[in-house]
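User: I'm new to this one and could use a hand finding my way around. Can you take a few questions?

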Amino acid sequence: MGRVNNHSAAGVTALGWDVWNIRRDFPILKQKIHGKPLIYLDNAATAQKPHQVIEAVNRFYLEDCSNIHRGVHTLSERATKAYENAREKVRQFINAKSNKEIIFVRGATEAINLVAQAFGRTTVGAMDEIVLSSMEHHSNIVPWQMLCEEKGAHLRVIPMNEEGDLNLDKVNLPFNERTKLVALTHVSNAIGTINPIRKVIEAAHLRNIPVLIDGAQSAPHFRVDVQQLGCDFYVFSGHKLYGPTGVGVLYGKQSLLERMPPYQGGGDMIRSVTFEKTVFNELPYKFEAGTPNISGVTGLGAAIDYVHSVGLEQIEPYERSLTQYALEQLATYPWIRLIGRPRERVSVISFVVDGIHPHDVGTILDQEGIAIRTGHHCAQPVMEHFGLSATCRLSLAFYNTREEIDALVGALKKAREVFSNDGA
Ligand SMILES: *Cc1c(COP(=O)(O)O)cnc(C)c1O
């Protein structure tokens with residue numbers, strides 16, 4: 001408790017949020033980098049893992065390690081149960097109708113590739129169109145480009161304005177009778193914009209166009225209800241949701257998944273195989289060929305339990321107030337330029353420092369123990385839109401604090417001094 005009181009001004013909000021207590025769940029945060037306490041502000045690239053997740057993965061290998069859906073022995077039954085329990089946790093987490101709609105994959109990237117292959121290759125033909133936005137992650141551009149290349153189809157792009165919001169007037173929604181799919185990010189990983197995806201989904205559905213939502217940056221920050229949103233596909237990665245790397249989720253409406261051919265062939269995705277004919281397994285196994293990432297899926301289940309125990313309804317306002325604080329602090333200095341001012345955003349902030357290349361900023365901050373991301377953030381079209389080749393990006397999680405933002409600003413001031421002395 002002494003610890004809590006020492007930090008009461010910043011750590012415990014009016015909501016009763018105790019960030020110092022939460023930080024104890026994340027062993028990595030105790031580390032020193034270059035002799036300074038680690039300040040981890042690169043959560044949009046990957047979030048840190050609480051010991052509950054690390055232990056769940058450990059426990060799988062220590063006690064339950066076995067293949068799933070095969071053996072009748074006890075370990076296999078335990079492993080299968082843990083794997084399928086995690087599927088139910090994911091179903092509840094995004095409020096899907098059925099477990100058959102939850103496919104485990106390697107990450108958001110593989111989920112999008114799965115849809116591009118299994119849905120795209122059977123649905124998209126020559127001269128057809130796929131609609132994206134100008135703020136997509138490369139993972140939600142390149143698979144569609146590859147499909148278009150193969151099929152002679154085209155990409156259409158919803159533009160964004162100077163603030164970093166999509167232009168969603170009727171004129172800017174490039175839907176027509178040739179549009180076969182809309183693939184749109186829920187939240188921009190580069191500038192933090194929350195897109196009004198319901199509006200796009202409704203407009204697309206008026207024309208019977210299915211919509212894929214890239215939820216890699218929304219699932220970690222606020223409650224997502226796929227039935228309420230009405231999206232046809234929703235994808236996210238476990239590792240950005242405090243879970244292990246190498247595991248992610250594709251949600252798809254059952255009717256669409258039923259109609260799609262398998263993505264990969266192998267074990268587990270079949271019911272029977274002869275050299276003449278193979279009968280495919282039912283959903284969701286049809287799309288899960290081979291031994292999956294069992295420990296990763298188990299860890300993702302533990303991550304979802306952890307997020308529930310903290311509470312998204314607590315996480316959201318805390319992250320919002322922390323983001324507001326960071327924006328105010330950064331805006332104090334005329335030599336820091338914030339990139340994008342979206343109407344609605346998550347805790348992802350891009351900026352540039354006058355006269356210092358983002359990579360140099362990142363290197364100097366690292367010397368202070370501060371981890372931010374610098375570069376194009378796998379979103380080169382966003383950088384191009386703002387006339388930049390790179391930015392600095394800080395991305396906050398619910399274990400970050402105001403003190404850490406103060407330290408970031410202090411380190412930026414120091415960097416600025418070093419560089420202006422050099423120039424003089
Ligand atoms: C990180 C990210 C992806 C890709 O996720 P992986 O885990 O690398 O597969 C896709 N879209 C967005 C918006 C992202 O932030």
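User: How does the lining of the largest pocket divide into nonpolar, polar and charged residues?

Analyst: Quick heads-up: this is a predicted model, where local features need pLDDT of at least 70, side-chain atom pairs count only at pLDDT 80 or more, and totals for chains, interfaces and linings use all residues. Residues are numbered from 1 along each chain as its sequence is written, and side-chain values use heavy atoms, with hydrogens and water left out. For the classes, Ala, Val, Leu, Ile, Met, Phe, Trp, Tyr, Cys and Pro count as nonpolar, Asp, Glu, Lys and Arg as charged, and the others, Gly among them, as polar. On that basis the lining has 8 nonpolar, 5 polar and 8 charged residues.

User: Which residues make up the shell around the ligand, by class?

Analyst: Thr109, Asp214, Gln217, Ser237 and Lys240 come nearest, where near means a heavy atom within 4 Å. Sorted by class, the shell has 2 nonpolar, 9 polar and 2 charged residues.

User: How far is an oxygen atom of the ligand from an N or O atom in the side chain of Ser237?

Analyst: Polar contacts here are pairs of N or O atoms within 3.5 Å. Ala108 makes one through a backbone N or O atom, 3.4 Å from a ligand oxygen. The side chain of Thr109 has an N or O atom 2.6 Å from a ligand oxygen. For the side chain of Ser237, the distance is 2.6 Å.

Note on methods
Polar contact = N/O pair within 3.5 Å; in protein donor to acceptor, adjacent residues only side chain to side chain.
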